[in-house]
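User: I would like to go through this model one term at a time. Please show it, and then I will ask where the labels come from.

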Amino acid sequence: MTLQNLLSINKLQSFTPDRGAVLKLLRAAQRNLEDARLVALSADNRFDAAYKTIMQCAMLGLWANGYRTSTNQPGHHLTAIQSLPLTMQVSKETVIVLDALRKQRNLNDYEGDPISDSVLAACLNEAGQLLAHTRQWLATHHPELVDDK
């Protein structure tokens, strides 16, 4: 599957990012990661904030490549996560872990399953690594979206 294939089946839409929007989403991802590290919050809320960081990074990868998810289609979180190898060369092994976190998010959000300490730790770790990867990837491949001019 390619990004163009996902566009043709309406899982993605064409999108033209601008530097201001990219920087705003990067700042939001950083804030969410910082919130996720606040031990005064419940594990569920910390997990949710870390997961938002992961999704915001996945969106940044899509944006930088000229796409965004079709949010009117079911599965846009799945599409964004599974696109990471195509957008930012994230390993398939990492995508498997991120997809497991997506499934855990669904269980928490829609069925009330509590977040365990080990799942929270995994989500915090993955979110931190993906945010660092996103920053580096953008600086290398799309400096026009993140560099000060």
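User: Where does the largest share of the lining of the second largest pocket come from?
Analyst: From helix α3, which gives 4 residues to that lining. At least two residues each are supplied by α3, β2 (67-69) and α4. Helices (H or I, at least four residues) and strands (E, at least two) are DSSP runs, numbered from the N terminus.

User: What kind of model is this?
Analyst: This is a predicted model, in which local features need pLDDT of at least 70 and side-chain atom pairs count only at pLDDT 80 or more, while totals for chains, interfaces and linings use all residues. Residues are numbered from 1 along each chain as its sequence is written, and side-chain values use heavy atoms, with hydrogens and water left out.

User: Which residues line the second largest pocket, and what volume does this pocket have?
Analyst: The lining consists of L25, M55, Q56, M59, W63, R68, T69, T71, H76 and H77, and the volume is about 170 Å³. A pocket is an open set of points on a 1 Å grid over the protein atoms alone, where a 1.4 Å probe fits and protein lies on both sides within 12 Å along at least five of seven lines; lining residues have an atom within 4 Å of a point.

User: How is this lining divided by class?
Analyst: It has 4 nonpolar, 5 polar and 1 charged residues. Ala, Val, Leu, Ile, Met, Phe, Trp, Tyr, Cys and Pro count as nonpolar, Asp, Glu, Lys and Arg as charged, and the others, Gly among them, as polar.

User: How much space lies in the largest pocket, and which residues lie nearest its centre?
Analyst: The largest pocket holds about 280 Å³. Of its 14 lining residues, M1, L6, T79, Q82 and S83 lie nearest the centre. Two or more residues of that lining come from each of α4 (76-82), α5 (84-88) and α6 (92-111). The classes in the lining are 8 nonpolar, 4 polar and 2 charged.

User: Which residues of α2 and α3 meet?
Analyst: Among them are L25, L26 and L33 in α2, and Q56, M59 and W63 in α3. The contact divides into 13 nonpolar, 3 polar and 3 charged residues. Contact means heavy atoms within 4.5 Å.

User: Why are α2 and α7 called roughly antiparallel?
Analyst: α2 and helix α7 (residues 117-141) pack at about 155°, with axes 10 Å apart. The pair is therefore roughly antiparallel. Residues of this contact include V22, L26 and A29 of α2, and L124, A127 and L131 of α7. By class the contact has 9 nonpolar, 3 polar and 1 charged residues.

User: How do α6 and α7 cross?
Analyst: Their axes come within 11 Å and cross at roughly 130°. That makes α6 oblique to α7.

User: Which residues of α6 and α7 meet?
Analyst: T94, V97, L98, L101 and Q104 in α6 meet V119, A122, C123, E126 and L130 in α7. These residues divide into 7 nonpolar, 2 polar and 1 charged.

Conventions: Grid points are joined across faces, edges and corners, and a volume is the space filled by probe spheres set on the points. Axes are lines fitted to C-alpha atoms, for helices over the stretch in contact, and angles run from 0 to 180 degrees between N-to-C directions. Angles under 35 degrees count as roughly parallel, over 145 as roughly antiparallel, 65 to 115 as roughly perpendicular and the rest as oblique.
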